[in-house]
Amino acid sequence: MNNTTTANTKETVKAEHEKTEKRINIRYMTMTAMLSAIAFILMFMDFSVPFMPGFIKLDISELPALIGTFAMGPASGVIICLVKNILHLLITTTGGVGELSNFVLGVAFVLPAGLFYKYKKNRKSALIGSFVGALIMALFSLPSNYFVVYPFYTNFMPEDAIIGAYNAIISVVGGHVDNLFQCLLIFNVPFTFVKGLLSVLITFLIYKHISPIIKGNYTNRRS
């Protein structure tokens with residue numbers, strides 16, 4: 001009798017475990033999809049900034065991916081970066097070049113942040129990981145722009161005109177750039193770093209309030 005009761009108990013526990021796993025997976029997929037959609041929408045909410053040429057826009061579309069990587073793990077952050085760029089491919093004007101660069105830089109940002117936080121789940125680790133991720137993204141932006149993005153742009157805008165746009169800004173403080181590499185190093189790298197830090201700032205301001213909504217039962221597994 002005891003053996004039968006024990007077997008029934010094990011079966012019940014196993015069934016409940018499977019149900020919990022299924023709910024967790026459904027919530028994970030739902031929240032990842034929702035954050036991907038928000039990231040896609042944020043790609044359109046871009047704007048010019050005074051210290052950059054007019055053809056460069058600032059957006060915070062990495063924000064949902066950073067939130068996702070903290071709430072559901074680094075894989076979720078990477079998936080969000082991938083899905084938003086796949087969606088954007090449907091209306092691309094860069095032949096996929098811009099989306100490829102955006103994906104690589106996004107992963108360079110959220111993956112280190114997520115790995116740091118996964119190793120030690122506290123506010124300090126999240127902050128350090130986010131800072132490191134923003135720095136890596138900024139550094140990656142130099143070869144990405146120089147070898148991938150800007151060669152595509154020069155099909156529509158002469159390189160001299162691009163350099164001239166940067167010189168129009170830096171000349172205000174008496175500076176001058178001679179080539180595209182200098183433009184990217186002086187302007188785009190710091191710009192990308194600041195862009196990352198902006199997402200970090202917003203994440204730290206809102207994460208505590210929205211993470212329970214995102215996690216749901218998921219928090220019982222991961223936190």
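## Helix packing and the main pocket

In H6, Glu159, Ile162, Ile163, Tyr166, Ile169 and Ile170 meet Leu180, Cys183, Leu184, Ile186, Phe187 and Asn188 of H7, where contact means heavy atoms within 4.5 Å. That contact has 10 nonpolar, 1 polar and 1 charged residues (Ala, Val, Leu, Ile, Met, Phe, Trp, Tyr, Cys and Pro count as nonpolar, Asp, Glu, Lys and Arg as charged, the others, Gly among them, as polar).

This is a predicted model, with local features needing pLDDT of at least 70 and side-chain atom pairs pLDDT 80 or more, while totals for chains, interfaces and linings use all residues. Residues are numbered from 1 along each chain as its sequence is written, and side-chain values use heavy atoms, leaving out hydrogens and water.

| Pair | Angle | Axis distance |
|---|---|---|
| H5 and H7 | about 150° | 8 Å |
| H6 and H7 | about 40° | 10 Å |

H5 and H7 are therefore roughly antiparallel (angles over 145 degrees). The contact of H5 with H7 splits into 19 nonpolar, 6 polar and 1 charged residues. H6, on the other hand, is oblique to H7.

Now for the largest pocket, with about 950 Å³ of space (a pocket is an open set of points on a 1 Å grid where a 1.4 Å probe fits, with protein on both sides within 12 Å along at least five of seven lines; lining residues have an atom within 4 Å of a point). Its lining has 32 residues, and Lys57, Asp59, Gly98, Asn102 and Tyr153 lie nearest the centre. H5 gives the largest share of that lining, 7 residues.

Conventions:
Points joined across faces, edges and corners; volume = space filled by probe spheres on them. Helix = DSSP H or I, 4+ residues; strand = E, 2+ residues; numbered from the N terminus. Axes fitted to C-alpha atoms, helices over the stretch in contact; angles between N-to-C directions. Parallel < 35°, antiparallel > 145°, perpendicular 65-115°, else oblique.
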